[in-house]
Amino acid sequence: MTRKKLIIGLVLVVCHCVVELEAQLQVGFYRSSCSLAEFIVKQEVRNGFITDNGVAAGLVRMHFHDCFVRGCDASVLIDTTPSNTAEKDSPANNPSLRGFEVIDNAKARIEALCQGVVSCADILAFAARDSFEITGGLGYDVPAGRRDGRISLATEASSNLPPPTFDVNQLTQTFSNKGLTQEEMVTLSEAHTIGRSHCTSFSNRLYNFNTTTSQDPSLDSLYAGQLKQQCPQGSTNPNQVVPMNPSSPTISDVGYYRDILANRGLFTSDQTLLTNPQTRTEVIQNTQNPLIWRSKFAAAMVKMGQTGVLTGNAGDIRSNCRVINS
């Protein structure tokens, strides 16, 4: 066999493996086995949004936090037991995650219709898509066929999820570890355009930034003053929250990038996107091209949603998303 034929053969084998991997998740996976599954999830997201429009941000965040720990296997939905502290009760998730009741309601309705067919991991992926869409983002097809994991550890959430104090290099590495590019990191960071944050996630930027200055000098002083009114120093109230994008906290738009360019990024991990020439350029480009950003965000969500998935005979189809099957 010539060297050229050998290289061609290896390329074909690699391509075949990639196709096999991607084919494990399919758009319309439940078309014949539970055709109403995606419709039911969309209904429950809408119902939850009507009750509390902040639930959309919670579900997008929940999907991200699920995929970054053990892959997109719905481990973030599992409840803590006397013998195990689950992901959802890690400081990285509690009390910030919300929207669990939307997943519960969708799962109960789907189980009544198609018992043991639709995974909690897929329900969460559908719900994140529907949440982005209901807040003004593009709808997109979600490849499905994920199965549910059996392990959920709070310690793994803390070690895999990027904290709000990360700089651009740390963020780039964290996303790279999950198979996502730096550009996709910038694109997905815009999810902070909706939702809220607890004061404890950024108060260090207001009162205890470093040994030489109490307030982060990169933070707009007027905005810092507003934040200090909302988050008083020394407050012991763990439930104090502020909108992450005050001008449009329930709309998926490029307001997040505009805030960063005005030095009004809420977290260190937001404002740091201006400290790198490439990520700064991407922030500017996304600000100027909101329709292109929406398309990029949808594509990045699809890619992230394929991180470390369980398929075939791996994992389970949980009957209750909060409990591992006995």
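The lining of the largest cavity is made up of 6 nonpolar, 2 polar and 1 charged residues, where Ala, Val, Leu, Ile, Met, Phe, Trp, Tyr, Cys and Pro count as nonpolar, Asp, Glu, Lys and Arg as charged, and the others, Gly among them, as polar. The model is predicted, so that local features need pLDDT of at least 70 and side-chain atom pairs count only at pLDDT 80 or more, while totals for chains, interfaces and linings use all residues. Residues are numbered from 1 along each chain as its sequence is written, and side-chain values use heavy atoms, with hydrogens and water left out.

**Cavities**

- A search of the whole structure finds 3 cavities of 30 Å³ or more, a cavity being a set of points on a 1 Å grid over the protein atoms alone where a 1.4 Å probe fits but cannot get out, with lining residues having an atom within 4 Å of a point.
- The largest cavity holds about 60 Å³ of space, a volume being the space filled by probe spheres set on the grid points, which are joined across faces, edges and corners.
- Among the residues that line this largest cavity are His 63, Tyr 140, Arg 146 and Met 301.
- The second largest cavity has a volume of about 40 Å³, and its lining divides into 4 nonpolar, 2 polar and 3 charged residues.

**Salt bridges**

- The count comes to 17 salt bridges, each being a side-chain nitrogen of Lys or Arg within 4 Å of a carboxyl oxygen of Asp or Glu.
- Asp 52 and Arg 98 meet through their side chains in a salt bridge of 3.5 Å, N to O. Because Asp 52 lies in the loop between α2 (37-51) and α3 (55-67) and Arg 98 in the loop between α3 and α4 (100-113), the pair ties together parts that are 46 residues apart in sequence.
- Arg 98 is buried, with a relative accessible area of 15%, whereas Asp 52 is partly exposed at 34%; buried means under 20% relative accessible area, exposed over 50%, and partly exposed in between (1.4 Å probe, protein chains only).
- Glu 184 forms a salt bridge with Lys 303, their closest N and O atoms being 3.1 Å apart. This pair links helix α8 (residues 182-189), which holds Glu 184, with helix α14 (residues 290-304), which holds Lys 303, 119 residues apart.

Key. On a 1 Å grid over the protein atoms alone, a cavity is a set of points where a 1.4 Å probe fits but cannot get out, and a pocket is an open set with protein on both sides within 12 Å along at least five of seven lines; lining residues have an atom within 4 Å of a point. Helices (H or I, at least four residues) and strands (E, at least two) are DSSP runs, numbered from the N terminus.
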